Amino acid sequence: MAEAQIILAHARESGIVAIAQGEEHKRARTALAETGFRRDDDGVYHLPVSGTETMVADLVACAKRHRVTVHTSGRRFIGDAARDLASQLPGRWRTSVQIYSHPSWQEDLVPWIWDSGELGRAIQSERIPYAATLHDAEHGTKLLFVELPGHKQGYLVGAFAPEGLEEGYADPHAPRSIAVPPFPGRAARAVADRFLPAYEQAVHARRTAVIAAALESIRADYGGWQAVVASDRSSDATPLRVAALGAASEEFLDNSWRSFLTVVDHAPPLMVRCRPASSPWPADAETLSRLADAVIAAEGLGVEMALGGSVTPRERRARAWPAVETWLAGGETFLRQARVSAPHRRPALPVSAPIRPLAAGHCAGRNR
């Protein structure tokens with residue numbers, strides 16, 4: 001790849017667009033600016049409304065002076081392709097173009113992409129100068145849409161880690177990205193019928209695993225604290241005074257509360273799906289009710305503290321511990337219910353969804 005390059009593409013509404021890329025992408029930007037191209041908020045350059053195709057010829061000449069190569073893409077503009085896909089997905093999706101002009105910029109994606117398939121590998125091994133994101137705010141789902149590397153047609157669709165679970169790199173629960181064809185109807189059916197259900201299953205499994213890990217951590221701390229109390233000696237085997245026992249208890253309760261906040265964050269969407277009456281353990285309903293009440297109480301305490309309420313450390317521990325204790329007693333009941341509760345599936349697209357080709361244009365966006 002040239003150190004500085006301009007990719008020209010054709011956008012449905014704005015005509016010819018340009019994208020600067022390469023380690024010396026600033027030279028490409030200079031050439032675009034000098035020939036009258038205007039940069040939008042996504043980092044894409046457009047011909048002005050009064051511009052003509054002669055400006056493209058001027059751009060080629062100007063780019064040559066700045067040692068920038070100009071490449072005409074055989075694909076349509078990525079923003080158009082993403083919008084056409086989004087328009088046929090269930091729900092309300094917003095799209096934006098992402099530009100990774102410098103090769104190192106796409107590395108920023110690596111920690112945030114939640115993928116166990118081809119997209120995650122491509123981001124780390126293939127040059128991806130631009131992409132598009134699709135965001136469904138109602139469900140909190142954010143997708144990445146890129147041109148299929150090494151192919152003249154087709155796209156890859158994968159997911160960003162969901163909010164609250166951002167540390168998803170190399171996570172074994174991550175869904176697998178899928179390749180979709182250059183036809184928005186077929187691509188939308190593949191995403192709606194295959195990828196999104198798999199994504200929601202993955203979110204469900206990950207939340208369940210995170211809660212299980214938090215409860216295990218609390219239980220381990222609790223066991224250590226009980227051992228200290230039972231022995232009447234501190235961890236260094238010195239006699240345990242009353243004051244030291246109080247300090248050890250406070251430390252344990254503080255650590256437990258921090259871990260329990262993970263349960264408070266992730267349990268509610270899983271509890272909504274639990275249907276004990278239709279599970280092998282219908283009697284779990286009573287335990288789930290107590291667990292839900294404990295979460296509500298903990299959420300109330302957390303809100304009160306966040307709003308600057310006058311909650312003393314002693315009062316916080318006194319109010320937090322019953323909720324933690326309830327979950328230590330009933331956590332395994334919740335986990336078995338969560339593991340058998342399939343997440344809600346989005347409605348499949350009708351078979352009659354229109355199939356319109358993503359025709360190539362006359363010439364085939366993190367923004368800095």
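This note goes through a cavity and several salt bridges in a predicted model.

1. The largest cavity holds about 40 Å³ of space, and its lining is made up of Leu253, Ser256, Trp257, Arg316, Arg317, Ala320, Trp321 and Val324. Two elements, α6 and α8 (313-339), each give two or more residues to this lining, and α8 gives the most, with five residues. Sorted by class, the lining has five nonpolar, one polar and two charged residues.

2. Serine 256, one of the lining residues, belongs to helix α6, which covers residues 242-273. Serine 256 counts as buried because its relative accessible area is 1%, under the 20% cut-off. Apart from neighbours within four places in sequence, serine 256 is in contact with Ile218 and Val324, and Val324 also lines the cavity.

3. Nine salt bridges are found across the whole structure. In one of them, the side chains of glutamate 147 and arginine 75 meet at 3.6 Å, N to O; this pair links distant parts of the chain, with glutamate 147 in strand β9 (residues 141-147) and arginine 75 in the loop between β5 (69-72) and α3 (78-87), 72 residues apart. Both glutamate 147 and arginine 75 are buried.

4. Aspartate 284 and arginine 336 form a salt bridge whose closest N and O atoms are 2.8 Å apart, and the pair joins helix α7 (residues 284-306) to helix α8 across 52 residues. Aspartate 284 is buried at 5% relative accessibility, whereas arginine 336 is partly exposed at 32%.

5. Within helix α3, arginine 83 and aspartate 80 are three residues apart, and so are separated by about one helical turn; their salt bridge brings the closest N and O atoms to 2.7 Å.

Conventions. Residues are numbered from 1 along each chain as its sequence is written. This is a predicted model: local features need pLDDT of at least 70, side-chain atom pairs count only at pLDDT 80 or more; totals for chains, interfaces and linings use all residues. Side-chain values use heavy atoms; hydrogens and water are left out. Helices (H or I, at least four residues) and strands (E, at least two) are DSSP runs, numbered from the N terminus. Buried means under 20% relative accessible area, exposed over 50%, partly exposed in between (1.4 Å probe, protein chains only). Contact means heavy atoms within 4.5 Å. On a 1 Å grid over the protein atoms alone, a cavity is a set of points where a 1.4 Å probe fits but cannot get out, and a pocket is an open set with protein on both sides within 12 Å along at least five of seven lines; lining residues have an atom within 4 Å of a point. Grid points are joined across faces, edges and corners, and a volume is the space filled by probe spheres set on the points. Ala, Val, Leu, Ile, Met, Phe, Trp, Tyr, Cys and Pro count as nonpolar, Asp, Glu, Lys and Arg as charged, and the others, Gly among them, as polar. A salt bridge is a side-chain nitrogen of Lys or Arg within 4 Å of a carboxyl oxygen of Asp or Glu.
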